[in-house]
Amino acid sequence: MKELPPEKGIRNFSVIETTLEKIREKIREIYDPKKVHYIGVDAYDDGNKMEIRYWFLKKESNVVLLVKAPFDYGEKVPSISDIVKPAFVQEWEIADLFGINIEGRVENFFLTPESPRAPLRRGDKLGK
Amino acid sequence: MASESKNKTREIQIKEKVYTTIPFGSQHVALPEPIKFIFDTENEIVKEIKFDIAYVHRGIEKALTTMFDFRKAPYVVGRVCGICSAAHTIPCAVVMERAIGIDREIPDRAKAIRMIALEINRLQSHFLINGHLAEVCGYENVFMHIWRDREMIMDLADMLFGNRVQYDVVCVGGVNRDIPKDKERVLLDKLNEIEKSVEFMEKIFTKDRTLVSRLKGLGVVSKEMALEYGIVGPMARASGVKTDCRVEDDWGLYKDLGFEMVTMEEGDSLARCLVRVRECYESIRIIREAIKSTEEGEISIKVTANPKYEAVCRNEAPRGELFYYVKGTGGIMPDRVRIRTPTLANIPILPEVMKDVSYNDIPPLLMSFDPCIACTGR
Amino acid sequence: MLKMFLTSVLNLFRKPATHLYPFEPYEPFEDYRGRIVWNEEKCTFCMRCEMVCPPGAIKIMIMEDDTKRWLWNPAQCIYCGECVRNCPFGALTQENQYSPPLDKSNKRDWSEIEREAERLKLLWRERLRKKSQAKKSS
Amino acid sequence: MSIFALSRVKSPWILHYDTGGCNGCDIEILAVLTPRYDVERFGMINRGNPKQADVFLVTGPVTKRCRERLINLYLQVPEPKVVVAVGSCACDGGVFRNMYNVENGVDKVIPVDVYVPGCAARPHQIIDGVVKALEILSKKTKENIELPEYIKERFPSLNDRRKVLEEMRKR
């Protein structure tokens, strides 16, 4: 849960690692619309485990901030759209593209019934 | 309990009676792109909005990690959106350079040419959307005028980069085409003409009674609301939020050339439109400065390594902040590419703004937000 | 009012903005990125253009009698010029003329060509392996 | 018949639909209608109504979600009609070829008469393509319609086609 500083020239953003249970608290702690700009939601799948990632920008220092939490396939992920209001569109998007079970997701928001399920996922295929 | 449920069903019945559902899109004269809105209206006043933005989903993020190597990536992401093509290719190239670790070695001339490409791109996009806004308001004459003047910018792009829409001038490691001296001279001459037509555009959007009365006070976004919904680009600047990625990220020479941000306080459709018009002056100034500040010289460096780090890049597209993230593994293709486009940040506020607006005001309001669906769907 | 009148009178004598295209010829700018031209004499079939082409609009077919054909699909090409820049022998150049429209009669079925090229390439690799084996055994 | 005479005889109206391209060709189609190129010289007007159109300009590589809409629009355009695929991605898929949500070109879904290459297609190329389409249009009559197998399989008789259309509209 510590904040890793940005490494210049290699990785130009700082990282906060946390867990799925604490991610809502953590975001409530750091997010303030006047000081922190919400950029987006992303997910990552390395073949064994998934990660949910929230991107923010600290306005004063212009540092891009990454809050990430690992979780297992099929685990229910809490939504943060009551804390960060515009988050819902991108949450639904990655829920579709990765097949993540995010609270309040809408089926087929980005995909169509004919298109492949969860195209960006690597391991643990859906419908197995 | 029973009475409660009865009340609820009655409410639903009333709703069904009163609300009229109007679909808008996916194919419509006012829309060149496929987007679908479903408006539930009560006597022409819009009450509820649902949107469908995924008609254009092609799967570029996946293709960048499975089909194209990192050298081809700028050419592919240029096709994410044709209106802001240069705005996409630049951060893609920059983020790949950062992932390789060579972003400090890019020559200044390459940076200047990238900036010129981006600003020409911004000029044509702002001309396009302001003309389109006038057409949607029913002012076809202004649309034709602005689009006639826009052809000058398209010609400039054609002359400098070899194509009207897809510049394809940026590659990983620099740019692949220099601007020779004689073309610089033509560019500077043409910029004076373009400045005149920007003046004409500003005159129309500030003085013309029809346009001003149509757009003033329409779809007001307060500063608090803009911050809360995290909107970006000219829409945020029209509400008084000071945000511009050109000075916040350091891929270009904007800080050295002295960049001035255009902001307004009103936050209505007219302000959004005027911010775009006034940004045109700034763009023209930056192109002039960029030409003056650098001499002809090295335009690219040789790329030998593959991307192996994680990196992000933020760039100011004509529509706002564009965010790229790349995770490289040392292979020829990156592990994950995330593209967060400006319209994706501006869409969540639309249902909020469109509520309680008369249905005939929807097209100009939507156009003043400048949605780019090809970006959103990717 | 007077100003409006003046503008309209002046506009009568101004040159029209319209370019009467199909009747007036149009000359593109001198380095417009147009059609790709292939020079057979300089080409060594190094396959570099096929490798760097983002959409895969260039295919090299290696026939069964080892003759080689260079194929380019104008309807698939994105005219980025990457193949021209990467050609080590200068066998490819980019004209400043744009491609004419195609119809059913002169458009190739590109997916068939792709499949055929893949099949022929596999056969070619097989032949190469056999040759090297024959060399080793001798 | 020369091009000029032909354009005088007919005043073709345009229907334009973007099936998921990059907007580059769409803004060029809009540019064709503006003073510099002014395609209204040929009597062409861009209308959003498929029932009034003769020339159907399609851009984009046809995403899976746009496919049903494209077929629906195609069936609504009255015969005789010509379909012009504008841009590389509408012709053969362009850079989007073989991506997972893409059909690789318009001719995989509906029959195409003229292909306009280019990424993005220049206004000049679009004008050339439309002029070529008009030549084909002048030869087409209501009798010699050639429906592709794809549409014949889906809608065997005219009545069926109408029913399917009605169902689509309900959706």
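This is a predicted model: local features need pLDDT of at least 70, side-chain atom pairs count only at pLDDT 80 or more; totals for chains, interfaces and linings use all residues.
Residues are numbered from 1 along each chain as its sequence is written, and chains are lettered from A in the order in which they are written. Local features need pLDDT of at least 70, side-chain atom pairs count only at pLDDT 80 or more, and totals for chains, interfaces and linings use all residues.

Let us start with the chains together. A contact means heavy atoms within 4.5 Å. Chains A and C, by contrast, do not touch, and their nearest C-alpha atoms lie 21 Å apart.

Chain A comes next. Its secondary structure consists of two helices and seven strands (DSSP runs: H or I of at least four residues for helices, E of at least two for strands), in the order β-β-α-β-β-β-β-α-β along the sequence. Of the 128 residues in chain A, 54% are buried, where buried means under 20% relative accessible area with a 1.4 Å probe, protein chains only. Among contacts in chain A with a separation of 6 or more, 47% join residues 24 or more positions apart.

Because 16 of its 16 residues are buried, α4(B) is largely enclosed by the rest of the structure. Just after this helix, B:Gly101 adopts a positive phi of about 100°.

Notes
Side-chain values use heavy atoms; hydrogens and water are left out. Buried means under 20% relative accessible area, exposed over 50%, partly exposed in between (1.4 Å probe, protein chains only).
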